[in-house]
Amino acid sequence: MWGKTLCAAAAACVYAFTFSGFAEAMSVSPVQVEMTSAGSASRGQVTVRNTSDKPLPVETSLQGLQLDAKGARKLSPAGEDFLVFPPQAMIPAGATQVFRLQWVGDPALAKGKSYMFTVSEVPVKLPKGQNNVQIVMGFGVVIDVAAAGVTPSLNIVSTKITKDKQGQQHAILTVENPTNTHALLPDGSINLSGEGWSKTLTSADLRQTIGIGLVQPGMRRRFVLPVIVPASVTNLQVSLDYRPKH
């Protein structure tokens, strides 16, 4: 069963996924790849390292990725938008393998797209009559293909305060991406204030705590911000300084 660490080491995004807890046998980097539909950035790569002491057979797959407002994912067939080389590999113990991706979809892509590139361990064929349980693993990397010439933006839709089971207050921020290309919340910084209290979450803070923070074209996303709001604060003000890198 897939475990989640998509974005906040928990929900949206790191977006890495694994079938098992034995992730020490394989490492994958990066967890997100930025691409465009034309030019040199229409190519990307993912590096897989076999950290075990045995050869590691792996295969790759690509699926379309859609996230809803809460970060829940929906996967769909990716079609023929990419070439992947190699599609599978046998990685020697302690060695690395680079998987290269080439966008071959519409170079004049009108609306950005996101994909899940999955690297999965291939189960070993057991001798006839042997039915031991095998635990295999897989990691997912988010591939975002930007629409050429479009600059993303993010607007604050709403903010509110919620309490956890321990009674501590947290801020919930809902943002909207009105553009035709993807936006990443950690490309900005967030300032929270109220009743004499203030806190700034830098781009580095957001990247470390919520991960990728992907907001797809024309979509909204809801984020629980990684900060405890003092109990004295009842009227929360939130501002977003968004500076996209693509």
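This is a predicted model: local features need pLDDT of at least 70, side-chain atom pairs count only at pLDDT 80 or more; totals for chains, interfaces and linings use all residues.
Q: In what order do the three strands of the open sheet with antiparallel pairing stand?
A: Strand β16 (residues 188–194) pairs with β20 in the antiparallel sense over six bridges. Five bridges join β16 to β17, and these two strands also run antiparallel. The order of the open sheet is β17-β16-β20.

Q: Which strands of this sheet have one side left without a neighbour?
A: The sheet is open and has the order β17-β16-β20. The strands at its edges each have a single partner strand, so one side of each is left without a neighbour in the sheet. These are β17 (197–201) and β20 (237–242).

Q: Which residue stands opposite Leu192 in β20?
A: Strand β16 covers residues 188–194 and pairs with β20 over six bridges. In β20, the residue opposite Leu192 is Val238.

Q: Which residue takes a positive phi in the hairpin of β16 and β17?
A: Strands β16 and β17 run antiparallel and are joined by five bridges. Asn191 stands opposite Thr200 in β17. The hairpin has two residues between the strands, and the residue with a positive phi near 50° is Glu195.

Q: Which strands form the edges of the four-strand open sheet, and why is one side of each left without a neighbour?
A: The order of this sheet is β3-β5-β10-β8, with antiparallel pairing. An edge strand here has a single partner strand, so one side is left without a neighbour in the sheet. The edge strands are β3 (26–29) and β8 (82–85).

Q: What is the bridge partner of Phe85 in β10?
A: Strand β8 and strand β10 (residues 96–103) run antiparallel and are joined by four bridges. In β10, the partner of Phe85 is Arg100.

Q: Is Thr181 buried or exposed?
A: Thr181 lies in the loop between β14 (169–176) and β15 (183–184). Not counting residues up to four places away in sequence, Thr181 touches Gly112, Ala146, Ala147, Val150, Thr151, Pro152, Pro217 and His246. Its relative accessible area is 0%, and buried means under 20%. Thr181 is therefore buried.

Q: How many Å apart in space are Gly140 and Gln32, C-alpha to C-alpha?
A: Gly140 is in strand β12 (residues 138–146) and counts as buried at 2% relative accessibility. Gly140 and Gln32 are 108 residues apart in sequence. In space, their C-alpha to C-alpha distance is 9.0 Å.

Technical notes: Residues are numbered from 1 along each chain as its sequence is written. Side-chain values use heavy atoms; hydrogens and water are left out. Two strands pair if DSSP finds at least two bridges between them. Buried means under 20% relative accessible area, exposed over 50%, partly exposed in between (1.4 Å probe, protein chains only). Contact means heavy atoms within 4.5 Å.
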